Amino acid sequence: MLLEQAPIQSTGFRNYGPVDAREGFEIRIRTPNYRGFRISLLDGVDVAVDGERFGYENNLFALNGQTFSLEELRAASDVRWELGDPATIIVPRPGGLEPGIHQVYVGCRVRYPYFPPKLQPHTMPWNRLLTIVLP
Amino acid sequence: MTASFKYGVSLYSYTDDFGTIMGLEEGFDAVAGTGATGIEILGEAHVKGYPEPSSQWLDTWFRLLDQYQLEPTNMCSWVDTRLHLERNLTVEEGAGELERDLTLAHRLGFKFLRPKFGVVTSDLDPDPIWEGAVERVLDLAHKLDIVICPEIHAPTPISHRVTQNYIQFIERTGTKNFALLIDFGIFQDRPLPFWPQETPEMREFDTAFLNGIKVNPEELLDIIQYVAFIQAKFHHINDDLEDEHIPLPKVISALKRAGYSGYLSSEYEGVRDPWVAIDQVRRQQLLMRKLEKDFDEGRLA
């Protein structure tokens with residue numbers, strides 16, 4: 001599938017959980033890198049929506065139908081995130097988000113082994129306006 | 001008449017286009033359309049199913065090579081020394097990463113492999129496992145007829161212990177399967193524009209090398225016997241066909257006088273808006289060919 005060039009994708013921003021009792025929301029992203037990599041190099045993903053912060057310790061990461069907690073990510077040195085594969089950040093927030101346009105921040109905390117030690121992990125700050133369509 | 005360059009293009013040039021507006025076939029078309037004869041890739045970006053592509057993908061790869069008349073040049077790889085949060089890779093594990101990529105590079109027909117090792121200092125000294133890891137796979141590289149090429153890349157200049165250590169390794173082992181890859185970025189002598197998210201404070205410290213580390217291209221003449229491959233890094237060629245950051249006439253002149261006859265593989269690393277890279281690469285290919293001709297015909301000294 002060809003993805004949008006913006007790292008945070010428009011499609012895939014939605015609430016999850018039962019319709020009348022949403023448990024949180026999801027954001028679809030591309031790889032925070034110009035190559036694929038093993039996901040133990042991804043030390044969690046920070047998220048903020050309209051200024052409300054959701055720390056990397058509690059967000060989940062889903063790739064090709066498999067979901068990882070931070071602890072599971074750190075152990076997943078044999079799982080590859082391919083360049084062309086979108087991943088989903090799952091953010092618990094009872095009630096989900098209101099339908100509407102939201103200011104979304106995503107910060108993937110990545111260890112780039114060839115960057116100096118003091119830059120580990122390194123976060124590329126991504127910001128984008130995204131739209132939730134359904135409650 | 002001096003030796004002639006070979007011209008190639010790295011698919012890295014099309015980063016952010018690749019997988020969004022460009023698939024593998026469009027990438028081949030863009031490369032071949034420049035008149036280049038070689039294609040360079042990043043294994044873990046451009047090979048679907050890396051490091052074990054499907055037979056269907058392999059069929060496509062060889063069909064495209066044939067159809068576009070391109071030869072595989074260099075495959076870039078990584079030795080992810082910080083794969084685990086709590087410890088760095090061992091020599092054995094590092095050798096395993098190299099073995100994996102040598103095997104894949106060979107399957108795809110590549111002659112050069114550029115492994116990027118993790119670093120352990122702010123000065124970008126590679127993790128010390130590099131030496132033991134490389135030594136363990138030299139026989140395999142020899143058997144597969146592949147030259148392993150660490151890249152000499154800004155902020156690391158030619159006159160630096162990292163480069164000197166690689167040269168000492170070549171001298172000590174006498175190997176023909178380990179050599180330097182020179183990235184044109186070390187010759188950059190004018191500052192790059194700020195990248196998105198980059199601040200003046202960052203430029204003053206962490207990314208100061210983006211102002212250019214200004215290696216004198218004449219230094220190529222001292223080390224050319226160790227150079228196997230060149231990534232012709234560039235950031236912007238303007239509408240008057242001038243490179244705004246790399247002193248290409250000086251670099252091309254030095255390479256010609258040094259007798260280099262290997263690949264110049266275009267590596268565009270500039271604005272990543274869609275559809276910009278394809279023509280930027282064409283401009284650089286034109287400019288490099290023009291400069292080579294100028295040298296050959298006595299207009300460039």
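User: Which residues on the other side of α3(B) are exposed?

Analyst: In this predicted model, Ser55(B), Gln56(B), Asp59(B) and Asp66(B) are exposed on that side of α3(B). The word applies to a relative accessible area over 50%.

User: What makes the buried residues of α3(B) one face of the helix?

Analyst: The buried residues are Trp57(B), Leu58(B), Trp61(B), Leu64(B), Leu65(B) and Tyr68(B). Viewed along the axis of α3(B), they fall within an arc of 125°, so they line one face. They pack against α1, β2, α2, β3 and α4 of chain B.

User: How do you know that the span of helix α3 of chain B agrees with its 14 residues?

Analyst: The helix covers residues 55-68 of chain B, and at 1.5 Å a residue it should span 20 Å. The end C-alpha atoms are 20 Å apart, so the two values agree. After α3(B) comes Gln69(B), with a positive phi near 55°.

User: Why is the contact of Arg35(A) and Asp80(B) called a salt bridge?

Analyst: The N to O distance between the two side chains is 2.9 Å, and the cut-off is 4 Å, so the pair qualifies. This pair crosses between chains: Arg35(A) is in the loop between β2 and β3 of chain A, and Asp80(B) is in the loop between β3 and α4 of chain B. Arg35(A) has a relative accessible area of 1%, and Asp80(B) has 1% as well. Buried means under 20%, so both count as buried.

User: What makes Arg38(A) and Asp80(B) a pair that joins two chains?

Analyst: The side chains of Arg38(A) and Asp80(B) meet in a salt bridge at 3.2 Å, N to O. Arg38(A) lies in strand β3 of chain A and Asp80(B) in a loop of chain B, so the pair joins two chains. Arg38(A) is buried, with a relative accessible area of 5%. Arg35(A), Arg38(A) and Asp80(B) are among the residues linked in a network of salt bridges, including also Arg80(A), Glu44(B) and Glu97(B). Over all chains the count is 38 salt bridges.

User: Why is the ring pair of Tyr114(A) and Phe115(A) called edge-to-face?

Analyst: The ring centres are 5.2 Å apart and the planes meet at 90°, so the pair is edge-to-face; the term needs planes over 60 degrees apart. Tyr114(A) is buried at 12% relative accessible area, whereas Phe115(A) is partly exposed at 22%.

User: What makes Tyr166(B) and Phe178(B) an edge-to-face pair?

Analyst: The planes stand at 65° and the centres are 5.9 Å apart, so this pair is edge-to-face. Tyr166(B) is in helix α6 of chain B and Phe178(B) in the loop between α6 and β7, twelve residues apart. Tyr166(B) and Phe178(B) are buried.

User: Which residues do ring pairs link into a cluster?

Analyst: The cluster consists of Phe28(B), Trp57(B), Trp61(B), Tyr68(B) and Phe110(B). Trp57(B), Trp61(B) and Tyr68(B) are also among the buried residues of α3(B).

Conventions. Residues are numbered from 1 along each chain as its sequence is written. Chains are lettered from A and ligands numbered from 1 in the order in which they are written. This is a predicted model: local features need pLDDT of at least 70, side-chain atom pairs count only at pLDDT 80 or more; totals for chains, interfaces and linings use all residues. Side-chain values use heavy atoms; hydrogens and water are left out. Helices (H or I, at least four residues) and strands (E, at least two) are DSSP runs, numbered from the N terminus. Buried means under 20% relative accessible area, exposed over 50%, partly exposed in between (1.4 Å probe, protein chains only). The expected span of a helix is 1.5 Å times one less than its number of residues. The arc is that of the directions from the helix axis to the C-beta atoms. Contact means heavy atoms within 4.5 Å. Rings of Phe, Tyr and Trp (its six-membered ring) pair if their centres lie within 6.5 Å; planes under 30 degrees apart count as stacked, over 60 as edge-to-face and the rest as tilted.
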